[in-house]
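Subject: Structure for your files

Hello,

Please find the sequence and structure below. My notes on them follow.

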Amino acid sequence: MTMWFEDINDDDSMELGQYCFTQEEIIKYNKEYDNQYFHTDPELAKHSHFGGIIASGWHTACVGHRLMVDEIKSREEAMVAEGMIPGVSGPSPGIKKMTFMQAVRPEDCISYKLTVTSKRASASLPGWGLLFSTIIATNQKGEQVFQSDVASFSKMRDFKPTLKQRFAMWAVKIPLFKRLIKR
Amino acid sequence: MGNPVTKDFLHFEDLHVGQQVDLGKTKVTKTMIKTFALEFDPLPFHIDEKAAKASLLGGIAASGYQTGAIAIKMALKNFPGTLASAGGMSITDLKWKRPVMANDIIGGTVTITLLKRARSKPQWGIVNLDFDIKNQKNQSVMIMTLNNLIDVRNPEIGMEAAS
């Protein structure tokens, strides 16, 4: 999301765009990361219940992430061009559930959409909030192929730290304190 | 019946709950991080030294998706045989606990935590694989559970015990 934590609401959504998988790319990814016969060998894959080569579920997830990064980047650039200051997104602490409903095959064109489901202030990082979103991916036949319920950090615009928080934020920058805090 | 490709692979019957596989070691170099990030996660703190130094992480860190991809790769490589997988169904409770920084060496274990027959599909079982990925300081960097389908060698046997 390119908005500040305070401005993001449940059900806010973002079309992330579409990506068409080629057999060549599927094989290239899988030879490196997911070397199973139905992911890498079109002939052997015919013996599998898939009946042909399919993309790795993790590859499908990675492509969705790439589309999200690109979409956020272009929205940020558009905001900057209009003189606005875009919100700041942070790293993701995790994914509650990622589901692979349908195989993604060569020449499938997959559309990804992100929808915010809830948000709350982060307990561990003062000044940051946590966004919970669902990414849904759909193929060209309208079938849902993938879903990911992902969490991500989002910076607060109006955050006023308490004295204690200010000390903690300052202390974390000093290696000695950092070590003490981590214990 | 019978898939000629998978006949010598590890089937449902060959696995047991509690079985643990050591994932070996992978050094995650700066080049690996940048290459992966340019393809799937082109955020400044994965590819640009200056931006990385100024970020929360303080240096070039791997994409969490890369850590996951390497984890799956290490599991496939180090399992004592090839799994007669029928595909992944889901991944649950994935947590990126710490960043993987350039030149960190990651390893860890994968443990079978559940094995059950699929109720409506006698040819398949469900296996849960718990990943615990650690860095060279033995700190956990990523955990996740992969729920995968696996071929049953003798589908006609043992369905009454399916739950």
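A residue is called buried if 20 or more other C-beta atoms lie within 10 Å of its own, exposed if 12 or fewer, and partly exposed in between, with C-beta atoms placed from the backbone. By that rule, buried residues make up 36% of the 163 residues in chain B.

This is a predicted model, in which local features need pLDDT of at least 70 and side-chain atom pairs count only at pLDDT 80 or more, while totals for chains, interfaces and linings use all residues. Residues are numbered from 1 along each chain as its sequence is written, and chains are lettered from A and ligands numbered from 1 in the order in which they are written.

Confidence: pLDDT is the predictor's confidence in each residue, from 0 to 100. Chain B averages 94, and 96% of its residues score at least 70. For the complex, the predictor gives an ipTM of 0.95 and a pTM of 0.92.

Chain B: there are four helices and six strands (DSSP runs numbered from the N terminus, helices being H or I of at least four residues and strands E of at least two). Along the sequence their pattern is β-β-α-α-α-α-β-β-β-β. The C-alpha trace spans about 60 × 30 × 25 Å along its principal axes.

Interface: 26 residues of chain A are in contact with 26 residues of chain B (C-beta atoms, placed from the backbone, within 7 Å). On the chain A side, H3 and strand S2 (94-100) each supply at least two residues. That side divides into eleven nonpolar, eleven polar and four charged residues (Ala, Val, Leu, Ile, Met, Phe, Trp, Tyr, Cys and Pro count as nonpolar, Asp, Glu, Lys and Arg as charged, and the others, Gly among them, as polar).

Helix H3 (residues 57-81) of chain A packs against helix H4 (residues 64-78) of chain B at an angle of about 170°, with the axes 11 Å apart (axes are lines fitted to C-alpha atoms over the stretch in contact, and angles run from 0 to 180 degrees between N-to-C directions). H3(A) is therefore roughly antiparallel to H4(B), the term for angles over 145 degrees. A:Trp58, A:Ala61, A:Cys62 and A:His65 meet B:Tyr65, B:Gly68, B:Ala69 and B:Ile72 in this contact.

Core: the largest nonpolar core has 75 residues (buried Ala, Val, Leu, Ile, Met, Phe, Trp, Tyr and Cys joined through C-beta atoms within 7 Å). H4(B) gives the largest share of this core, seven residues. B:Ala75 is among the members that touch the most others.

Regards

Definitions and conventions: Parallel < 35°, antiparallel > 145°, perpendicular 65-115°, else oblique. Contact = placed C-beta atoms within 7 Å.
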